[in-house]
Structure formats: structure tokens, C-alpha cells
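Reader: I am new to this structure and would be grateful for a close look at a single part of it.

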Amino acid sequence: MKLHKESKGTIIVASIVFAIVAFLAVHFFREWSLLIILPILLIYGLVFWFFRVPNRDIQDHKENVIAPVDGKVVMIKEVFEDELLQEKVIQVSIFMSPLNVHICRYPVSGNVFYKKYHPGKYLVAWHEKSSTENERTTVAIDSLTHHKVVFRQIAGYVARRIVFTCKEGDPAKAGHEFGFIKFGSRMDVFLPLDTEIICKIGDKTKGGMDIIAKMKE
């Protein structure tokens, strides 16, 4: 199983903790040691599972809006985007549980023209106010269909580390990685009002693969 580069530090810490706990369990509890080691081993395995990098056949897209993450669609609504666009848009929000792949991908192709990091709170990621109050990053793209598309990585109650490697001026390819969020979070995508929304609330998404909307050319 291929692991994401962001896993290195976490796995080193997890390995040290697991080794210490296993040693102490065997040394002090002996016949009861397995009752301690097995649950810790399960958690240790979940850390590796969290950082997995699945093989996906990413296609080229122009008008299609691609699911930026693995997760569940929890919100589709008209909102006023006041950080950058200053206009009404359609917000599509996808929640990621700790068991989902947490690679963050561009939802559309084009060029990055804006990025900003915002420190903030750590409300549960499905909370509506997490989009404006939690720690988050905002990225915006001039799409190939000549629309401005804004999207946000939002840290959740568990997630405390957002990584985004894109820079202003970078080319963006729908479905390709631009960042990572550790341990449970949310992605919001803000689309023009005339966008055809294909997904619905409750849908499970596969990042880089599923089409969630189509923009007019």
C-alpha cells in the first residue's frame, strides 16, 4: 500500500507510542498484555489506512466539476460568498470521516489566482458555521470555462493540520492533488448559480473520479 508523504511524522510517532505501550504491557501485565496490545495495534493499523494513496485513473475535464475529496455530500445550498467573489453562488460541501482518503484535489481545471490561510476554531466539520469560523484555506481558480471557482479546506474537531501546496499562478488540473487534511474535515466548493448540480445530499463521492456538477461554457 502506497502511503502519502504527509504520513512520515505521524507514523514515526505512532510507531514509537505503539512500541512503548507493547513493551510496558508485556513487562507489567504479561498474560493480560494481548488485551492491551490488540486495540492499540488496531489503532496503529488505522493510521496507515488513513494515509493510503489509492491508484485512480484521472481524466481531463473542462466543464465538469470533479469531487475534490472522498466523502459524503452534506450540503447543497445558495449562499453569499463574501471572502472573494462577493456574490451569490451554490455551495457544495463534502464531509470526510477519519476513514476516508484525505487527499484534496482540484475540482476544476484552470489557473490558481488566489490562496489564503485562515486560523480559526475547530467546530465539528459538518457544522454550518465551520465554513467561516474554523481553521481553513481558501483557493480560487480561473476555470477553463471562464468562471471563478472558489473552494475551501476546512479543519474539523479532530483535524488540526491543513496542507496546501498550490501557489498563485499554478496551473490546476481537475482531479489532481493540491493538498491534504489530517484526520476528519470538510471541503466546500462554491460554483456559479447557473451550474448544473449533479450530486445530491447523502451521495458518497470518490475524489478525482466522480462528477458532482457541470458548468456552462
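Which residues form a nonpolar patch on the surface?

Author: This is a predicted model, in which local features need pLDDT of at least 70 and side-chain atom pairs count only at pLDDT 80 or more, while totals for chains, interfaces and linings use all residues. Residues are numbered from 1 along each chain as its sequence is written, and side-chain values use heavy atoms, without hydrogens or water.

The patch consists of Ile 12, Ile 16, Ile 20, Phe 23, Leu 24, Phe 28, Phe 29, Trp 32 and Leu 35, which together have about 1000 Å² of accessible area (Shrake-Rupley method, 1.4 Å probe, only the protein chains shown counting as cover).

Helix 1 (residues 7-28) supplies the largest share, 6 residues; helices (H or I, at least four residues) are DSSP runs numbered from the N terminus. Its buried residues include Phe 18 and Ala 22, where buried means under 20% relative accessible area and exposed over 50%. Seen down the axis of helix 1, the buried residues fall within an arc of 90° (directions from the axis to the C-beta atoms), so they line one face. They pack against helix 2 (contact: heavy atoms within 4.5 Å). On the other side of helix 1, Phe 23 and Phe 28 are among the exposed residues.

Leu 35 belongs to helix 2 (residues 33-50) and is exposed, with a relative accessible area of 59%.

Key:
Patches are made of residues with over 30% relative accessible area and no salt bridge: like charges are joined within 9 Å, nonpolar side chains (Val, Leu, Ile, Met, Phe, Trp, Tyr) within 5 Å. A salt bridge is a side-chain nitrogen of Lys or Arg within 4 Å of a carboxyl oxygen of Asp or Glu. Helices (H or I, at least four residues) and strands (E, at least two) are DSSP runs, numbered from the N terminus. Buried means under 20% relative accessible area, exposed over 50%, partly exposed in between (1.4 Å probe, protein chains only).
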